[in-house]
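Q: I would like to learn how to read the main features of a protein model. Can we go through them one at a time, with the general idea before each case?

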Amino acid sequence: VLTGYGLEHLLLQQTKTQLREQGFKEISATVNLRGFRHWLRSSSVLTQRPHFSQEVRAILAASCGSNSSLRFTDASGDDVAFSVPEQGQRGLEVSINGADAKHVRRIKLQEDPAAVLVLLEEGAMQIDLPEEVELLKLEKLCAFGGLLTPKMRQPVLQLAFEYLFWPGEGRATHPDVDFHLSRGADFVSLHWRAEESPEAL
């Protein structure tokens, strides 16, 4: 209703003035990239990136997919189940031998020997993978749950920058970012995994 009255600009200036009066010399804002996953899913982004390895493209595609669980018996004989809690909900859980599932905060995949290092809300564990379980399958499930491994950092940040500024006409395509930039802010950086809630990629 208030569009066109310049109220946003007035409120922003008042906030800046108040913060400077309190002694703040620099003021910064962080913006979540809502819509980034939808952009990945709805555009031909992944097929137009031949410089990304086939593995990277497969993991990014899986982040928009629907594979929600992976079960196997690990090298110690324990029954391991990784799963995304509910259809459409982000996050990853792990259950050992049918025990209550625990939320996975971080995950690291090790190739030789094949193992998974899992950081939980409380504690951590290492799961040694049997030969028949491919690391890529688990990495795809992690991507679907919103947990991307460190090797995905550069491709994801590159795509996030394109999402923000393509086609490069001096304005950000993301409305929240454009709001700040059009009022004199500077774009400083993209932060890898700054948001770790279940809604994040």
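A: Start with strand pairing: two strands pair if DSSP finds at least two bridges between them. Helices (H or I, at least four residues) and strands (E, at least two) are DSSP runs, numbered from the N terminus. Here six bridges join E4 to E5, and these strands run antiparallel. This is a predicted model, in which local features need pLDDT of at least 70 and side-chain atom pairs count only at pLDDT 80 or more, while totals for chains, interfaces and linings use all residues. Residues are numbered from 1 along each chain as its sequence is written, and side-chain values use heavy atoms, with hydrogens and water left out.

Q: In what order do the strands of the open sheet stand?
A: Strands of a sheet pair through backbone hydrogen bonds, either parallel or antiparallel. In this model six strands form an open sheet in the order E1-E2-E3-E4-E5-E6, with antiparallel pairing. E1 and strand E6 (124-128) are at the edges with a single partner strand each, so one side of each has no neighbour in the sheet. From one strand to the next, the twist averages 35°; angles run from 0 to 180 degrees between N-to-C directions, and axes are lines fitted to C-alpha atoms, for helices over the stretch in contact.

Q: How many bridges join strand E3 to E4?
A: Two bridges join strand E3 (residues 93-96) to E4, and the two run antiparallel. Glutamate 93 has histidine 103 in E4 as its bridge partner, and valine 94 has lysine 102. The hairpin of E3 and E4 has five residues between the strands, and asparagine 97 in this hairpin takes a positive phi near 55°.

Q: Through how many residues does a hairpin join E4 to E5?
A: The hairpin from E4 to E5 passes through four residues. Glutamine 110 has alanine 115 in E5 as its bridge partner.

Q: Which residues of the largest nonpolar core touch the most other members?
A: A nonpolar core is a set of buried Ala, Val, Leu, Ile, Met, Phe, Trp, Tyr and Cys residues joined through side-chain atoms within 4.5 Å. Buried means under 20% relative accessible area, exposed over 50%, and partly exposed in between (1.4 Å probe, protein chains only). The largest core has 22 residues, of which Phe82, Ile107, Val116 and Ile127 touch the most other members. Two or more residues come from each of strand E1 (69-73), strand E2 (79-83), strand E4 (102-110), strand E5 (115-120) and helix H4 (135-145). H4 gives the most, with five residues. Another core lies apart from this one and has 14 residues, among them Phe36, Trp39, Leu40 and Ala160.

Q: With which residues is isoleucine 107 in contact?
A: Contact means heavy atoms within 4.5 Å. Neighbours within four places in sequence aside, isoleucine 107 is in contact with Phe82, Leu92, Val116, Leu117, Val118, Cys142, Leu147 and Thr149.

Q: Where does H4 pack, and which strands does H4 touch?
A: H4 packs on the sheet and touches E1, E2, E4 and E5, its direction making about 140° with that of E4. Eight of the eleven residues of H4 are buried, so the helix is largely enclosed by the rest of the structure. Glutamate 139 is found in H4 and is buried, with a relative accessible area of 5%. Leaving aside neighbours within four places in sequence, glutamate 139 is in contact with Glu55, Ile59, Leu109, Thr149, Lys151 and Met152. Just after H4, glycine 146 takes a positive phi of about 95°.

Q: How many aromatic pairs does the structure hold?
A: Rings of Phe, Tyr and Trp (its six-membered ring) pair if their centres lie within 6.5 Å; planes under 30 degrees apart count as stacked, over 60 as edge-to-face and the rest as tilted. The structure holds one aromatic pair. The ring centres of phenylalanine 72 and phenylalanine 82 are 6.4 Å apart and the planes are at 25°, so the pair is stacked. Phenylalanine 72 lies in strand E1 and phenylalanine 82 in strand E2, so the pair ties together parts ten residues apart in sequence. Phenylalanine 72 counts as buried at 7% relative accessibility, and phenylalanine 82 is buried with a relative accessible area of 0%.

Q: Which side chains meet in a salt bridge?
A: A salt bridge is a side-chain nitrogen of Lys or Arg within 4 Å of a carboxyl oxygen of Asp or Glu. A search of the whole structure finds one. The side chains of aspartate 79 and arginine 71 meet in a salt bridge, at 3.1 Å from N to O. Aspartate 79 counts as partly exposed at 28% relative accessibility, and arginine 71 counts as exposed at 58%.
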